[in-house]
Amino acid sequence: MAQKRNALGRGLDALLSMDEVQTEGSSSINEIELSKIVVNPNQPRHEFDETALQELADSISEIGIIQPITLRKLSDDEYQIIAGERRFRASQRAGLKSIPAYIRTADDENVMEMALIENIQREDLNSVEIALAYQHLLEQYGLTQERLSERVGKKRTTIANYLRLLKLPAPIQMAIQNKLIDMGHARALVTLGDPKLQVKIFEEIIEHGYSVRKVEEIVKSLSEGETVKSGGRKIAPKRAKLPEEFNMLKQQLSGFFSTKVQLTCSEKGKGKISIPFNNEEDLERIIGILDTLKNK
């Protein structure tokens, strides 16, 4: 029994003193001087909330690091961060000289992949940062979306949705990053495909605080060729050029109802016919024409 207690004691001493303890695979855990640690230039996260960073620094000052960061050994005097840059920065603020870290052996081509996977799982990356990290993996390391899907444990459609965000105009991408709009708003805007229209709807979201559902309704109407009202503003969809036979039909209908009939059509072939009237008498006249057609 005493032997077991001694073995347990040695294990706890090793863990608490942060001496090198071999962990699964080719990793180990060490206490590393902060001066020897460098950030990963391909780190997906670029923005750090100052308040949250200070709160973490205060917590570290009080109780220390709870979760070790993950490093890659470059040399005896230099280690690169794979995951945990926020904890590293907070430790610097807290005045620590060293920090507990998992040391991993990884080839250069695997470092970004490892950083991406660990940060997506552990850090609050915004949607644009995730999309940029995905794009980096696809382009620099020649991964397919299927392979990337397997590595990060996400559906291929999820990855595709993130990548589509990078097609949005820059002001919208910045708004996502600054949390002015969320992923739902952005996904709805992507389906429009027209940058000018996307920016117009984005401006309305900011001005009126539209919900994701409201934006989806606006986008649906615009996609079907309808003009939508937002506040005191009218927003018209990008009009597809009507085929000649449609123009002829429009002229025939205008002549038949003795009013300027509007016929619109989206690029997807959806549209509507609008019959305007000037007053109640004019409306009754048009209804009379429709009744005549109905009775034939």
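Which charged end sits over the ring of tyrosine 210? The legends below describe close-up views of a predicted model.

**Figure 1. A charge over a ring: lysine 214 and tyrosine 210.**
The residue in question is lysine 214, whose charged end sits over the ring of tyrosine 210. The distance from this charged end to the centre of the ring is 5.6 Å.

**Figure 2. Overview of the chain.**
The chain has 296 residues, and 40% of them count as buried. Its secondary structure comes to 13 helices and 10 strands. Contacts between residues at least 6 apart in sequence can also be sorted by how far apart the partners are along the chain: 61% of these contacts join residues at least 24 apart.

**Figure 3. Helix 8 packs against helix 10.**
Two packed helices are described by the angle between their axes and the distance between the axes. For helix 8 (residues 170–177) and helix 10 (residues 195–208), the angle is about 40° and the axes are 9 Å apart. Helix 8 is therefore oblique to helix 10. On the side of helix 8, the residues that meet the other helix are Pro171, Ile172 and Ala175. Their counterparts in helix 10 are Gln198, Val199 and Phe202. Sorted by class, this contact of helix 8 with helix 10 has five nonpolar residues, one polar residue and no charged residues.

**Figure 4. Helix 6 crosses helix 7.**
The axes of helix 6 (residues 145–152) and helix 7 come within 9 Å and cross at roughly 110°. Are the two helices roughly parallel or roughly perpendicular to each other? Angles from 65 to 115 degrees count as roughly perpendicular, and helix 6 and helix 7 are therefore described in that way. Helix 6 brings Gln145, Glu146, Leu148, Ser149 and Val152 to the contact. Helix 7 brings Arg156, Ile159, Ala160 and Leu163. The contact of helix 6 with helix 7 divides by class into five nonpolar, two polar and two charged residues.

How many aromatic pairs does a search of the whole structure find? The search finds two. One of them is formed by tyrosine 134 and tyrosine 162, with 5.8 Å from centre to centre and 75° between the planes. This pair is edge-to-face. Tyrosine 134 is buried, with a relative accessible area of 0%. Tyrosine 162 also counts as buried, at 17% relative accessibility.

**Figure 5. An aromatic pair of phenylalanine 256 and phenylalanine 257.**
The ring centres of phenylalanine 256 and phenylalanine 257 are 5.1 Å apart. Their planes are at 90°, so this pair is edge-to-face. Phenylalanine 256 counts as partly exposed, at 43% relative accessibility. Phenylalanine 257, in contrast, is buried, with a relative accessible area of 5%.

**Figure 6. Serine 127 and its contacts.**
Serine 127 has its place in helix 5. At 13% relative accessibility, serine 127 counts as buried. Which residues is serine 127 in contact with, leaving aside its neighbours within four places in sequence? They are Tyr162, Leu165, Ile176 and Met183.

**Figure 7. Serine 211 and aspartate 182.**
Serine 211 lies in the loop between helix 10 and helix 11 (212–223). At 41% relative accessibility, serine 211 counts as partly exposed. Along the sequence, serine 211 and aspartate 182 are 29 residues apart. In space, the distance between them is 9.7 Å, C-alpha to C-alpha.

**Figure 8. Lysine 179, a residue with a positive phi.**
Where does lysine 179 lie? Lysine 179 is in the loop between helix 8 and helix 9 (183–190). Its phi is positive, at about 65°, although lysine 179 is not a glycine. Lysine 179 counts as exposed, at 62% relative accessibility.

**Figure 9. Serine 258, a residue with a positive phi.**
Serine 258 is found in the loop between helix 12 (244–257) and strand 9 (262–265). Serine 258 is not a glycine, yet its phi is positive, at about 55°. At 57% relative accessibility, serine 258 counts as exposed.

Notes
Residues are numbered from 1 along each chain as its sequence is written. This is a predicted model: local features need pLDDT of at least 70, side-chain atom pairs count only at pLDDT 80 or more; totals for chains, interfaces and linings use all residues. Side-chain values use heavy atoms; hydrogens and water are left out. Axes are lines fitted to C-alpha atoms, for helices over the stretch in contact, and angles run from 0 to 180 degrees between N-to-C directions. Helices (H or I, at least four residues) and strands (E, at least two) are DSSP runs, numbered from the N terminus. Angles under 35 degrees count as roughly parallel, over 145 as roughly antiparallel, 65 to 115 as roughly perpendicular and the rest as oblique. Contact means heavy atoms within 4.5 Å. Ala, Val, Leu, Ile, Met, Phe, Trp, Tyr, Cys and Pro count as nonpolar, Asp, Glu, Lys and Arg as charged, and the others, Gly among them, as polar. Rings of Phe, Tyr and Trp (its six-membered ring) pair if their centres lie within 6.5 Å; planes under 30 degrees apart count as stacked, over 60 as edge-to-face and the rest as tilted. Buried means under 20% relative accessible area, exposed over 50%, partly exposed in between (1.4 Å probe, protein chains only). A charge sits over a ring if NZ of Lys or CZ of Arg is within 6 Å of the ring centre and within 35 degrees of the ring normal.
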